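Colleague: I want to learn how to read charged contacts in a model. Can you walk me through it?

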Amino acid sequence: MDRTDKKKFYITTPIYYPSDKLHIGHTYCTVATDAMARYKRLTGCDVMFLTGTDEHGQKIEDKAKEAGVTPQAFVDAIVDGPRGVRDLWQLMNISNDRFIRTTDDYHVAAIQKIFKAMYDKGDIYKGKYVGKYCKPCESFWTESQLKDGKCPDCGREVQDAEEEAYFFRLSKYASRVQDLLENTDFLEPRSRVHEMVNNFIKPGLEDLCVSRTSFSWGVPVDFDQGHVVYVWIDALFNYMTALGYQNDKYNELDHYWPADVHFVGKEIVRFHSIIWPAMLMSLELPLPKKVYGHGWLLLDGGKMSKSKGNVVDPYLLAEKFGVDALRFFLLRTFPFGSDGNFSNELLIQTINVDLANDLGNLLSRTTAMAGKYFGGTLPEEKLVDEAQDAELITLAAGLRDRYEAQMEKFQFQNALAEVFKVIQRANKYIDETAPWVLGKDIDANGSRLAAVLYNLLETTRICGVLLTPFMPERMEKLLDQLGACENCRSWAAAGTWGSLSQTITVTKGENLFPRIDMDKALEELEALQAAAAAPAQPEIELEPWEEEVDFDTFAKSDFRVVKVKNCEPVKKSKKLLKFTLDDGSGTDRQILSGIAMYYQPEALLGKTLVAIVNLPPRKMMGLESNGMLLSAIHKEAGEERLNLLMLDDGIPAGAKLC
């Protein structure tokens, strides 16, 4: 089938804001989106699955300053560094087709065009913002919207904000957005609609601040220097720029847009269901078909948060229990539209009951009996007993349709419940047919035993195919053990009883889901989490040792303490910073250093450093450099790291190191 003949399905997960430690809550939405994308591919759809990172804003700029690095270096480390966003998605077996970063050049240029288009239409105008601002949420609030004087979304303190800004005429589209929410199924679950209309639209939808001047880390407004585009215009339009809107990087907008569904956490439903459609209305663009606002994973009754100290490390859980088991748990245990209370005990219990006891036992018992009684290959002759077989066969044969009905409503928990009803019925069928009794007299009961085992293998195959979007690696191994051919793993075969060969050869392989000792596992997990919380010494790759020099040569180097009076980037250079230094001589010393990738200039003001001051002057980019600052360089996880040598500020400028 040609791609153009397939039904298209475009699904997105919100682009991750890379400022906090990644935890299991961050994986929830992306795992759900991945399961949906894999399900749609299984049904034969032409799928585009987009994820990425939202990398601009005041919070990131501030955190970069605290770390003493540039904002770009800060986000690069979180996105592409060890255990970064891409690492986590790879760990969780996320099958995204595209990954966008809002710092990508093509996206930045597109956002500038989008901002200008709304400005030219008159839907963006210049004014002055006075109100409350929540930095962690990047959200503006009126006094009446605050909850107990704090941000209604995250509960943190807000700060007074007053600055020149551009505004989007959100109020202009209030009635159209309200009609969209109330009279269509654009936003689900339905409870979110009442929340948006009653809490935000009916009290009076105010125009939205869409630029900032109090920080610089963002997409510049190219026609008004000093303004950067507010993060929600920048972030929301990623869903279209990633397809080629207002850029020539891609050319798939007409093919995939409008999106079939945006999966988003409930904390950002307001932006996706009110602001996003209003901006699309402004530009007269098609709206996405649906926004689905899912709940949170809660820990001890509260949302997981680094600031609250209640994060759960997905790497530890995946290492201990397996990626597929973790993926399964997230979507089996909690209704997708509601909050769910996470606990390690519940995770282990779910693995033991559903995967080890029900599915694992069904697979291992059936393949073991096929091996024991028939050498692994079933005979062609089979004796069907309608009284015993009909219920299981009917239940399994109709499973795909019941599963599909729930998946199309994004009810992952219910879809999995349908699958496990069949698995549980198959285990009961084993007890009813007692194949071990039949196996005592193969000559008399061989054909009946073959029919029983075939029914069990075929039921397991259908369940395995439908569980593949949730546990892709483990289900591939399960289907391998069953001897299922490629066609037997298809969507069509999942709805067709008898697809498995009548003389199938099975293999009793590894135990896919071993039972877990709850007490032992919890104790080990607690020890792992404690060890992970302790500061770790990174594995570093040292630079090779230099050749020996005699002491007299070394003694000629003059190492002096210097104080940073000023530091600024060198124009037209990506690497160089220009330092103005107090070296104790009474005359400022200028040194150029290629460390712009590692440090933000303002973060170095007032620092006490070490310089070699008796090197001959050098010209770099037309500027004279008198000396060299000392730094340590090494490689960590394959990436080069550099740290300036900094001393106690109490040491005076000009002091000689010896």
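Modeller: Start with the definition. A salt bridge is a side-chain nitrogen of Lys or Arg within 4 Å of a carboxyl oxygen of Asp or Glu. Side chains of opposite charge can pair when their charged atoms come close. Keep in mind that this model is predicted. Here, the side chains of Asp480 and Arg489 meet in a salt bridge at 2.6 Å, N to O.

Colleague: Is Arg489 buried or exposed?

Modeller: Buried means under 20% relative accessible area. Arg489 has 19%, so Arg489 counts as buried. Asp480 has 42% and counts as partly exposed.

Colleague: Which residues do shared partners join into one network?

Modeller: Glu55, Asp76, Asp80, Arg86 and Arg101.

Colleague: How many salt bridges does the structure hold?

Modeller: The structure holds 41. One of them joins the side chains of Arg327 and Asp34, at 2.7 Å, N to O. Arg327 lies in helix H13 and Asp34 in helix H1, so the pair ties together parts 293 residues apart in sequence. Both Arg327 and Asp34 are buried.

Colleague: What does Arg365 pair with?

Modeller: Asp431, at 3.9 Å, N to O. This pair links helix H14, which holds Arg365, to helix H17, which holds Asp431; the two residues are 66 apart. Arg365 is partly exposed at 30% relative accessibility. Asp431 is exposed at 51%.

Colleague: What follows just after H17?

Modeller: Ala434, with a positive phi of about 45 degrees. Helix H17 itself spans residues 412-433 and reaches 32 Å from its first C-alpha to its last.

Colleague: Which residues form a negative surface patch?

Modeller: Asp517, Asp519, Glu523 and Glu526. Glu526 lies in helix H22 and is exposed, at 56% relative accessible area.

Key: Residues numbered from 1 in each chain as written. Predicted model: local features only at pLDDT ≥ 70, side-chain atom pairs only at ≥ 80, totals over all residues. Heavy atoms only, no water. Patch = residues over 30% accessible without salt bridge, like charges linked within 9 Å, V, L, I, M, F, W, Y side chains within 5 Å. Areas by Shrake-Rupley, 256 points an atom, 1.4 Å probe, with all protein chains shown as cover. Lys, Arg positive; Asp, Glu negative; His and termini not counted. Charge placed at Lys NZ, Arg CZ, Asp CG, Glu CD. Helix = DSSP H or I, 4+ residues; strand = E, 2+ residues; numbered from the N terminus. Buried < 20%, exposed > 50% of the residue type's maximum accessible area, 1.4 Å probe, protein only. Expected span 1.5 Å × (residues − 1).
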